[in-house]
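Dear colleague,

I am handing over the structure below, and I would be grateful if you could look through it alongside the notes that follow.

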Amino acid sequence: MSFYDQNFPHLKIRKGESNLDSSLWIGLDNPQTRNAYSNEMVKSLVDVLRYSDHDSKIKVIVLYGEGTSFSSGGDIKAMEMKEGMFKGDPNELRLNYVHGIQTIPKTIEELHTPLIAMVNGPAIGAGCDLATMCDLRIGSEKSKFGVTFSKLSLVPGDGGVFFLSRVVGYSKAMEMFLTGDLYQGKTAYEMGLLNYFVENSDNLIEETERLVSKILSNGPVALSMTKRALKHGLKGDLSSCLDLMAAYQGISQRTQDHFEALKAFKEKRPANFIGE
């Protein structure tokens with residue numbers, strides 16, 4: 001039995017088929033709460049992301065929600081009952097966040113593998129934050145985003161303030177956090193919450209597969225390093241970024257994939273990348 005064949009609580013895992021077999025599809029699966037976070041889901045998600053990022057056969061990861069929701073974020077009933085990740089006194093709650101849900105943004109921020117959010121339904125609160133942690137987001141008119149923490153007199157304890165402004169800009173992120181408003185479909189696309197908007201929601205999976213295929217058609221080693229460089233560029237200075245790019249270019253320009261790409265260009269055919 002492979003790692004991906006295990007039972008992961010509140011997740012569904014599958015490998016892509018045919019020409020997409022280098023992709024991994026991770027489904028949030030907690031139907032009673034519209035895919036709200038649980039301690040089990042957090043651990044499962046972190047374990048799978050970390051493992052797959054070290055799996056040289058996985059070149060793209062897709063994150064989506066089973067059923068009609070992407071994720072409703074925090075479990076309202078668990079909050080009310082002070083259960084699960086919401087149990088304990090203030091300091092215990094703080095540690096629950098540090099050692100629990102906050103391990104997700106820390107893990108995602110360290111990924112080398114491109115991560116796509118297929119937002120197939122509402123992404124609310126921490127669910128919206130999770131979508132913004134991903135590298136790209138694709139959705140339809142059924143996609144709905146909202147950082148509704150203020151509605152519950154809460155702050156985004158999972159790190160959403162770090163990611164949202166990097167996706168939609170400071171001013172729009174402030175608007176979203178202060179109002180708690182919901183943004184759906186085409187509106188979400190126009191404000192940058194979605195990179196790709198699919199007019200017919202019935203075609204969302206097909207269009208996501210098309211996007212995955214497009215990414216897989218490029219050199220995976222170079223893509224991974226470019227992703228890391230972009231993240232460094234958000235936080236680093238120009239000099240350190242140039243140093244990093246010189247090192248990355250030195251590595252990528254001596255890969256087999258680079259010379260295969262040059263040969264394919266001359267022969268006017270698609271390149272056959274092997275990730276080496």
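Aromatic rings and a helix

Ring pairs link Phe 3, Tyr 4, Phe 8 and Tyr 51 into a cluster, where rings of Phe, Tyr and Trp (its six-membered ring) pair if their centres lie within 6.5 Å, with planes under 30 degrees apart counted as stacked, over 60 as edge-to-face and the rest as tilted. This is a predicted model, in which local features need pLDDT of at least 70 and side-chain atom pairs count only at pLDDT 80 or more, while totals for chains, interfaces and linings use all residues. Residues are numbered from 1 along each chain as its sequence is written, and side-chain values use heavy atoms, leaving out hydrogens and water.

By the ring rule there are 6 aromatic pairs. One of them is the stacked pair of Phe 3 and Tyr 51, at 3.8 Å centre to centre and 15° between the planes; Phe 3 lies in the segment before strand 1 (11-15) and Tyr 51 in helix 1 (residues 39-53), 48 residues apart, helices (H or I, at least four residues) and strands (E, at least two) being DSSP runs numbered from the N terminus. Phe 3 is buried at 19% relative accessible area, whereas Tyr 51, at 40%, is partly exposed (buried means under 20%, exposed over 50%, partly exposed in between, with a 1.4 Å probe and protein chains only).

In helix 12 (residues 256-267), the buried residues are Asp 257, Glu 260 and Ala 264. On the other side of helix 12, Phe 265 and Lys 266 are exposed.

With kind regards

Key: The expected span of a helix is 1.5 Å times one less than its number of residues.
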